[in-house]
Amino acid sequence: MSQATNNTLPNKAAQTSVGKMRQTASAMFDNQNLQQLSVAQLPETTHTHLDLTHVIDCVLVTHFHLDHCGALPYFTEAVGYSGPIIATAPTKAIIPLMLEDFRKVSVAQKKEDNCFNSDMIKNCISKISTISLHETITLCNGEMKITAYYAGHVLGAAMFYIECNGESLVYTGDYNMSADRHLGAAWINKLRPDVVLTETTYATTIRDSKRSREREFLKQVHATLDKGGKVLIPVFALGRAQELCILLETYWNRTGLDYPIYFSGGLTEKANFYYKLFINWTNEKIKKTFIKKNMFNFSHVRQFDQSMLKIDKPMVFFATPGMLHGGLSLQTFKEWAPFEKNAVIIPGYCMPGTVGNKILSGEKKITIDDKVVHVKMQVYNMSFSAHADSKGIMELLSHLEPKNVILVHGEKDKMRQLQHKIKE
Ligand SMILES: [Zn+2]
């Protein structure tokens, strides 16, 4: 089929890209490691004298996840990049929530002193121009054209098609090839570009059917509650949280269950507001029914407060962050882990090194803040992650028919395996 290259670093990926497009690709914040972005990874803001505006034509932000936008205020306000920045309207609206939350955690909890401040976030966001789906924006005196396509994944996520001097590239960002309960599937024209730069989070995983995954999830939640246990579901505030809430709400309504479902507040409430605001970006079913009933008005979901951590009653708790690497989800895990009747359901990807990753690989003794936690609770991994699986990636590549493929945003060994498969 086509040439496949795998690269773990975005810059490297960019180097193998073509002609002038090198400059666009290099500006994409696409590094798996930034999922747990730490301010310490950024160079000192005070003595940065890089002038990137004249070497980068444009910054494209595919979606609001921090590994794709976390360095943006640093880039515009500290490094001083002043060229165009393009994102969809929901992405532009939600990015400041994510950045502000990230800033608070970095400054207040991790005591980082090199982080951007709120004004820098505000200034940075005001520099973003929005693009609609299927809209084409022309840059560089007409030399470069950028078109956005629906990527699924999270609210507002887009793929970008870039044409420049007769060469073309599709940058996928993160995408999902199948619709879920709140978003549609990725959709893009058959573009036959010179290069596709694709994410490969699930380079080698093939997921079972969505329906059986949902059935399994509901079965485990219900069984745990019926025997008096508590269910912890670590999530990121936007995305899987809404997807699984819709699933539980529908099930609760159908079966008449009334166990409480809690959500760690703040960010999630704001997030639900944006889902309602950008209802056009959700899937067909939600769009059709929202006049009668907005699916994001959850009737069984209540706000969690800290005192409930110690209450011995069955409940479902959605807590952030999703990889159990800090915050309320980790705090809850420490409290609930020693009890066999409780369960933790990990619905997404967990990076190596996180507590989420450790319990998924079967570790039963985990040291958190110098204390050993004995994991007796049930541990389930059900991938509700909104990334394309290996089949989905291949499906997109066969559809696009690119001349070259660059793999990013994945684990090296798995990318290598996928590379062989693509070359076949
Ligand atoms: Zn993402």
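Helix α7 has 17 residues and reaches 24 Å from its first C-alpha to its last, close to the 24 Å expected at 1.5 Å a residue. The expected span is 1.5 Å times one less than the number of residues in the helix. This is a predicted model, in which local features need pLDDT of at least 70 and side-chain atom pairs count only at pLDDT 80 or more, while totals for chains, interfaces and linings use all residues. Residues are numbered from 1 along each chain as its sequence is written. Helices (H or I, at least four residues) and strands (E, at least two) are DSSP runs, numbered from the N terminus.

Which residues of α7 are buried? They are F217, V221, T224 and L225. A residue is called buried if 20 or more other C-beta atoms lie within 10 Å of its own, exposed if 12 or fewer, and partly exposed in between, with C-beta atoms placed from the backbone. An α-helix has 3.6 residues a turn, so residues three or four places apart point the same way. On the face turned away from the buried side, α7 carries the exposed residues R211, S212, R215, K219 and D226.

What do the buried residues of α7 pack against? Their partners are β10, β13, β14 and β17; contact here requires C-beta atoms, placed from the backbone, within 7 Å. The helix, residues 210-226, lies across these strands and runs at about 165° to β14. Axes are lines fitted to C-alpha atoms, for helices over the stretch in contact, and angles run from 0 to 180 degrees between N-to-C directions. Helix α11 lies across β10, β13 and β14, at about 150° to β10. Just after α7, G228 takes a positive phi of about 90°.

We now turn to the sheet. Six strands form an open sheet with parallel pairing, in the order β12-β11-β13-β10-β14-β17. Two strands pair if DSSP finds at least two bridges between them. At the edges stand β12 (301-303) and β17 (378-381), each with a single partner strand, so one side of each is left without a neighbour in the sheet. On average, neighbouring strands of this sheet are turned by 25° against each other, direction ignored. Strands β10 (residues 230-234) and β14 (residues 343-346) run parallel and are joined by two bridges; V231 has A343 in β14 as its bridge partner.

Some backbone details deserve attention. Most residues other than glycine have a negative phi, and most peptide bonds are trans. In the loop between β13 (315-319) and α11 (327-336) we find P321, and the peptide bond from T320 to P321 is cis, with omega near 0°. L324 also lies in the loop between β13 and α11; its phi is positive, near 55°, in a residue other than glycine. L324 counts as buried, with 28 C-beta neighbours inside 10 Å. H153, in the loop between β6 (144-150) and β7 (158-164), has a positive phi of about 60° although it is not a glycine. H153 is buried as well, with 26 other C-beta atoms within 10 Å.

Finally, the chain as a whole has 14 helices and 18 strands. Of its 424 residues, 45% count as buried.

How values were computed
Contact = placed C-beta atoms within 7 Å.
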